[in-house]
Number of protein chains: 2
Amino acid sequence: MTSRRCAHTAGALRERHLARSGPPPELRNPPYTRLPNDSPKGKDRMEPPATRRRITIVDVARHAQVSVTSVSKVLRNAYGASPEMQEKVRRAIDELGFRPHAGARGLRGQTYTIGVMLPDIRNPFFPEILDGITASLKDTEYQVLLGPGCNGEKEEARVTEAMLDRGMDGLVLVAPVSPRAHLDHVGTAVPTVVVGRHGTSPAYDTVTDDDMAGAAQVVAHLAGLGHRRIAHIDHHETDPTRLMEMPNAHRANGYRLAMRAHGLEEWINVVATSYTQQGGYEGTRQLLALPAADRPTAVFAGADVVAMGVLEAVAEAGLSVPDDLSVAGYDNTTFAAFGPVSLTSVDQAGREMGRNAVRLLLERIADRGRPSTKVTLSPTLVPRRSTTRPAE
Amino acid sequence: MTSRRCAHTAGALRERHLARSGPPPELRNPPYTRLPNDSPKGKDRMEPPATRRRITIVDVARHAQVSVTSVSKVLRNAYGASPEMQEKVRRAIDELGFRPHAGARGLRGQTYTIGVMLPDIRNPFFPEILDGITASLKDTEYQVLLGPGCNGEKEEARVTEAMLDRGMDGLVLVAPVSPRAHLDHVGTAVPTVVVGRHGTSPAYDTVTDDDMAGAAQVVAHLAGLGHRRIAHIDHHETDPTRLMEMPNAHRANGYRLAMRAHGLEEWINVVATSYTQQGGYEGTRQLLALPAADRPTAVFAGADVVAMGVLEAVAEAGLSVPDDLSVAGYDNTTFAAFGPVSLTSVDQAGREMGRNAVRLLLERIADRGRPSTKVTLSPTLVPRRSTTRPAE
DNA sequence: GATGTCTTGAGTAACGTTTCCTAAAGGGCG
DNA sequence: CGCCCTTTAGGAAACGTTACTCAAGACATC
């Protein structure tokens, strides 16, 4: 809110500078001057370059001897340009090296920009989704731009607002934590697809994984191996909306339902920490501190990053995986596939999610009035060496 | 090149549609209609929302009963607005929920957008740099937007050009592989900082790590432990410019020099594969295939991702780290810090690199004429359990 | 042969903001 | 008290592109 006001001071300084007619800029920083060494290691300085004016659509029109309108039509592949016209204009574009200015285009039409918000770049699952998105957009005029990692509501709001301000044509929000009202606000302002969050809205389209089914597969796998005391590490959540919509809640529910379905309700044990390595570590410490009769023989971590923490805690306790404890994760990240780790996990088909998100987004950009849609994908269990029969 | 021409067809369709006056859009997709189920799992549809006009600076001016110019001045903290004026305008901005349109601003002044290009989102080192960048920009009006992962020259060119087209105020390019000419082109068009690539240019500023020093620290560490047969896994490179400028080349050189300095030149052994997990895996297979007398007792992988491949190959060969082979990486990623892995690595202080990049960028945005600068940071060795004395 | 319709091209007014310029107040100084 | 300078406010012209509107010619229809 307040940051909106405090514009960068460069502009103010320049204007004041002109008004007071102080020393011209070129005298303040003479070229080839070496400044005192204020960097940790060292500095080298070189002469500055010169910049030149950008080619515009007017230049192209003049060079091709046609009207500006015609150039614009060719640029947009719009109706009403004869083949000869197209040829002439394209030659002029190539000869001048013209590239349309996205900001100016956005003022009237589209910016040909798709904004993607990822909650955490460090989680190796999200690049999969991103790959699906970029691959689907590769042959279009659209360009993908990412928001920087956002951990909280405030950061998310800043990033989404910034994308709206920049006139993006469509947004893909991956696992957003913002309240529904904010998502609706965004979806109303611009075509939006929310990925990895359950719950639907008329304002945006949704792509999710069937998290309940994924959790059920993990429990079935572990129960099939003979485990009974199967614990689950969940992300702690109190907000009622997020409790309904966030994937972790669905995984925990799927775990509970599947445990009952396998007649293991008495062994249901959910530790709520957080979907981080630290959360997995702490959750496991709690589980290992239980009396032997209650201690789980298998842990289903809600995410692979959580499983990393589990493995760390297990190693620290002098135990080994899977002999002393079977461990399963969720997301099938490269970490899970890493040989020495070999973590049983659930593959969410991130690429497929990204592809679907783009498809829905382009559909909605083409027809903003169409009813909103939810696509649900099925996950697949990937068994690896971190799960085996229980010791007893 | 050709993709520049083939605009998305939506505009063309709409224009043709109007010209031919076919059925209006609302009849093509009647609301509440359920389409056939063509998604992998299932679909739900809901009614669409309505969108409303964006608040503009004109609305603010009218509401505050002042001129548009005055509002603009307040927005930019520019000279010539009295305190009362500022107060009036800010109240109007808050009451209306006005946010300036970045694209329109970019047409005359700045877009308040900084573009960051990361070569590979999956490499856990780059988020560190990004954190440094975003942290430094948190209290400014600037917003960071990332290009999606680019693996090659072509992708890089597409992303950088897209950022130029969008009128970004500054660019941070992390470890770009583009030829120098392209970097100069970009740097001439917009303030630019290149991170993690040696070699300087008058057109842009540079922030690098002292890779030679980092490699020397690794060799010194291993030699100090008693190792003599220390091998290095490098990224294969033939392009002469990149051979001079890319960090991997500097690390390899640092390795060679340090080996000589420790009187170990006869054991210099550089395997050139690639800076990927696969590259580390293949390189290690080659090294392990050597006759016992030549086989290294320690491997210095040029990056932590490479070390991941090394560990995988070692485990697959039935050997163990560090008893049979000491392994060191580079970048000090979270993977290296992960307890069960505990990889000796070199910390590049990514946050510090990001911070310096932003500082240089803002300096240059404020004064485009200032001479270009290079900042070099010193890396730190982080010894962990993956390196120990050699067996013999 | 007159009247539409379709096609192609061009002129012009937006879009939302900043920058340049000018005008009107205030205030110190001779 | 008149003059100049400083401060404050506003009008108008950019910025680069697209959407709307219109005109002229080709061609088919009655």
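Which residues come nearest to DNA strand C? The numbered points below take up this question and then the rest of the structure, which is a predicted model.

1. **Around DNA strand C.** There are 28 residues around DNA strand C, and those that come nearest are Thr69(A), Ile57(B), Ser72(B), Arg76(B) and Arg105(B). On the DNA side, 68% of the atoms within 4 Å of the protein belong to sugar or phosphate, and the rest belong to bases.

2. An N or O atom in the side chain of Ser72(B) is 2.7 Å from one phosphate oxygen of DNA strand C. For Arg105(B), an N or O atom of the side chain is 2.9 Å from a phosphate oxygen of DNA strand C. A base is also approached: a polar side-chain atom of Arg108(A) lies 3.4 Å from a base nitrogen of DNA strand C. Two or more residues of the surface near DNA strand C come from each of these elements: helix H4 (68–75) and helix H6 (102–108) of chain A, together with helix H4 (68–75) and helix H6 (102–108) of chain B. Sorted by class, this surface has 12 nonpolar, 10 polar and 6 charged residues.

3. **Around DNA strand D.** DNA strand D has 29 residues around it, of which Ile57(A), Ser72(A), Arg76(A), Arg105(A) and Thr69(B) come nearest. Of the atoms of DNA strand D that come within 4 Å of the protein, 71% are accounted for by sugar and phosphate. The surface near DNA strand D divides into 13 nonpolar, 10 polar and 6 charged residues. At least two residues of this surface are supplied by each of H4 and H6 of chain A and H4 and H6 of chain B.

4. Which atoms of the protein sit by the phosphates here? A polar side-chain atom of Arg105(A) lies 2.9 Å from a phosphate oxygen of DNA strand D. The backbone takes part as well: a polar backbone atom of His101(A) is 3.0 Å from a phosphate oxygen of DNA strand D.

5. Rolling a probe the size of a water molecule over the atoms shows where empty space is left. In the whole structure, the search finds 3 cavities of 30 Å³ or more. The largest cavity has a volume of about 150 Å³. It is lined by 14 residues, and Thr113(A), Leu145(A), Arg166(A), Thr113(B) and Arg166(B) are the closest to its centre. H6 of chain A and H6 of chain B are the elements that give two or more residues to the lining. By class, the lining of the largest cavity has 6 nonpolar, 6 polar and 2 charged residues.

6. **Asp59(B).** This residue is in helix H3 (residues 57–64) of chain B. Is Asp59(B) buried or exposed? Asp59(B) counts as buried, because its relative accessible area is 11%, under the cut-off of 20%. Its side chain makes a polar contact with the side chain of Arg62(B), at 3.0 Å. Leaving aside neighbours within four places in sequence, Asp59(B) is in contact with Arg53(B), Arg54(B) and Leu96(B).

7. **Leu137(B).** Helix H7 (residues 126–137) of chain B holds Leu137(B). Leu137(B) counts as buried because its relative accessibility is 2%. Not counting residues up to four places away in sequence, Leu137(B) touches Ile114(B), Tyr142(B), Val144(B), Val358(B) and Leu362(B), and also Arg158(A). Leu362(B) is 225 residues from Leu137(B) along the chain, and their C-alpha atoms are separated by 9.5 Å.

8. **Glu237(B).** The loop between strand E7 (230–235) and helix H11 (240–245) of chain B contains Glu237(B). With a relative accessible area of 18%, Glu237(B) is buried. The side chain of Glu237(B) makes a polar contact of 3.3 Å with the side chain of Arg242(B). Beyond its neighbours within four places in sequence, Glu237(B) is in contact with Arg242(B), Leu243(B) and Asn248(B).

9. **Chain A as a whole.** Chain A has 16 helices and 13 strands. Of its 392 residues, 53% count as buried. Among the contacts in chain A with a separation of 6 or more, 67% are between residues 24 or more positions apart.

Key
Residues numbered from 1 in each chain as written. Chains lettered and ligands numbered in written order. Predicted model: local features only at pLDDT ≥ 70, side-chain atom pairs only at ≥ 80, totals over all residues. Heavy atoms only, no water. Near = heavy atom within 4 Å. Polar contact = N/O pair within 3.5 Å; in protein donor to acceptor, adjacent residues only side chain to side chain. Helix = DSSP H or I, 4+ residues; strand = E, 2+ residues; numbered from the N terminus. Nonpolar A, V, L, I, M, F, W, Y, C, P; charged D, E, K, R; others polar. 1 Å grid on protein atoms, 1.4 Å probe; cavity = no way out; pocket = protein on both sides within 12 Å on 5 of 7 lines; lining within 4 Å. Points joined across faces, edges and corners; volume = space filled by probe spheres on them. Buried < 20%, exposed > 50% of the residue type's maximum accessible area, 1.4 Å probe, protein only. Contact = heavy atoms within 4.5 Å.
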